[in-house]
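Work through the exercises below with the sequence and the structure side by side. Each task is followed by a solution in steps.

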Amino acid sequence: MRIEKNGEQVAVSKDPCEALWQLAEAFPEELLVWIEKDLSYFLRKEKLKDCFDHDLLMSSYAVKTKFLSGKIGYVDQLPFINVKCGVKYPTWRMSSDVGGIKGQTLLKFRDMFKHISDFDYLLNSVAKLGQQNGLFCYSDPQMIDTVRDKELMPSAGNKELFSFVFQHYKSIRLWLLFWCFVRYEKAFPIGALITALFQEKYFKKDIDLSRIELKSNRAGEPVPSIDVIIPTLGRKQYLLQVLEDLKIQSLLPKKVIILEQDPAPGSQSELPELQTQFWPFEIVHHFTHQTGACNARNVALKEVDAEWVFFADDDIRLEEDLLQKSLEELKRLGADCLNINCKQEREKTIFHKIKQWGSFGSGTSIVNADFCRSLSFDEIFEYGFGEDQDYGMQLRDAGCDIIYHPKIEILHLKAPRGGFRELSQPPWEKDKPKPSPTLMVYVKKYYTPEQQKGYKTELFLRYYSSQEIKNPSKYLKRMEEGWRRSEEWADRLMTSSSKSTREKFINEV
């Protein structure tokens, strides 16, 4: 092991974990970079400033090995598990091949993790706990000028996997992992299970990173150019109130694109105010008899020519500085997507820290338009649910991280009428599939095999208490049948890839 600063060797412990803590103490204002010796030639030093554009950031890239195996998917179905290797992707799954973190940021974790002697275990523990406390964590291929091996071998065995799950997840997840090993791996890792039960618990522990300044060095001048997209159906008064809120924004939108829908044959627009009243921004109004939020947003996206897009619902209330504050925060964070805290009246905020988000709100988010121009809402989800999650995954796979901001808020009025679901009962209703076929589409598109099995197991266990069949054998048989039917419907939806084919398919059934 060789430690260098500005090309000169620094004397520290030969133990990698101890050396990392010593360097953080000695150089708190420096970026600490680790790299395997045989990869050091490929380190792109000139890119490090771009890769680490603020101090609340931890990144790595797996070239030869990874820490945990794919079996972590049995207990975790969040987007951070199945990492896309060709883009900067949000994940706590760190690699010891190459990576980095600011010294002062790492020191925040020393008291909790100073006893860990496995370097990979330490890196992943810092990232896992750090991510839920506001540390931005990534797999970043820009750090190194080489390609990863086709198949990465995990360095952790079952013992490390079980201990990590017990320490960083709810305790019930450990038992879920054990069951999945018995069920799907045909293994009985009782030793790993017992060892894990004696480990210290880190789940939900708090790390205060608030004193570390989060200000991106890659953000340019403010770009006050934003378009707003609003699909609407039968909510005239709510929509007009949203427009009034946009009208008094301290930073006005460039364009507001409204997709008005009414499935009734011969119906006409109920929004003459769009033409008869004065609005301090351009109004683009589309009226259609075709309902569906996915189609509406796709039509609207073709009209966007601003630098940012605000995906808005038609039944929300906005503070007068919401757009300005949001763009200022996007600049400060160096982010490309902001998921705004959307609450109903008297609802309390659950998550209080700015953090990487595992979801996406298609009615509460602001996105860099460069990503939106190459993406669209998958209309497979028009007949069910899941379009939000799917679009969020498209963004991540394109290299766009989604950041949740608790202090910028939208009030959701939850209007009692309107909406976008044309079919009150989807064609698969009589088959009683479980889960919904559109959710199964999402599972098939984005989950690893282990995540699919973990999701299935958790679904079966969670649903047991809320249904009428209490005989475990009969219940399992029913759920297996529902799962099979859901897969069949999902496969048929995915096979009907074009919009016209899907419509024909839905009409036929």
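A residue is called buried under 20% relative accessible area, exposed over 50%, and partly exposed in between, with a 1.4 Å probe and protein chains only as cover. The model is a predicted one: local features need pLDDT of at least 70, side-chain atom pairs count only at pLDDT 80 or more, and totals for chains, interfaces and linings use all residues. Residues are numbered from 1 along each chain as its sequence is written, and side-chain values use heavy atoms, with hydrogens and water left out.

**Exercise 1. Salt bridges within a helix**

Task: Classify Arg332 as buried, partly exposed or exposed, and find the residue with which Arg332 forms a salt bridge.

Solution. 
1. A salt bridge needs a side-chain nitrogen of Lys or Arg within 4 Å of a carboxyl oxygen of Asp or Glu. The whole structure holds 27 salt bridges.
2. The partner of Arg332 is Glu329, with the closest N and O atoms 2.8 Å apart.
3. Helices (H or I, at least four residues) and strands (E, at least two) are DSSP runs, numbered from the N terminus. Arg332 and Glu329 are three residues apart in helix 12 (residues 322-333), so about one helical turn separates them.
4. Arg332 has 29% relative accessibility and therefore counts as partly exposed. Glu329 is buried, because its relative accessible area is 16%.

Solution. 
1. Glu481 is partly exposed at 28% relative accessibility, and Arg484 is partly exposed with a relative accessible area of 36%.
2. A network of salt bridges links Glu481, Arg484, Arg485 and Glu488.

**Exercise 2. A salt bridge across the sequence**

Task: Which parts of the chain does the pair of Lys445 and Asp378 tie together?

Solution. 
1. Lys445 and Asp378 form a salt bridge, and their closest N and O atoms are 3.1 Å apart.
2. Lys445 is in helix 15 (residues 437-446) and Asp378 is in the loop between helix 13 and helix 14, so the pair ties together parts that are 67 residues apart in sequence.
3. Lys445 counts as partly exposed, at 32% relative accessibility.

**Exercise 3. Aromatic pairs of Phe311**

Task: Are the rings of Phe311 and Phe377 stacked or edge-to-face?

Solution. 
1. Rings of Phe, Tyr and Trp (its six-membered ring) pair if their centres lie within 6.5 Å; planes under 30 degrees apart count as stacked, over 60 as edge-to-face and the rest as tilted. This rule gives 28 aromatic pairs.
2. The ring centres of Phe311 and Phe377 are 5.8 Å apart and the planes are at 70 degrees, so the pair is edge-to-face.
3. Phe311 is in strand 13 (residues 308-312) and Phe377 is in the loop between helix 13 (369-372) and helix 14 (387-397), 66 residues apart.
4. Phe311 is buried at 0% relative accessibility, and Phe377 is buried with a relative accessible area of 2%.
5. Phe311 also pairs edge-to-face with Tyr391, at 5.8 Å centre to centre and 65 degrees between the planes. Tyr391 belongs to helix 14, 80 residues from Phe311. Phe311 and Tyr391 are both buried.

**Exercise 4. Strand 15 and its partners**

Task: Which strand pairs with strand 15 in the antiparallel sense, and which strand runs parallel to strand 15?

Solution. 
1. Two strands pair if DSSP finds at least two bridges between them.
2. Strand 17 (residues 364-368) is the antiparallel partner, over three bridges.
3. Strand 18 (residues 403-412) runs parallel to strand 15, and six bridges join them.
4. Asn339 stands opposite Ser365 in strand 17, and its bridge partner in strand 18 is Tyr404.
5. Strand 15 (residues 337-343) is mostly covered, with six of its seven residues buried.
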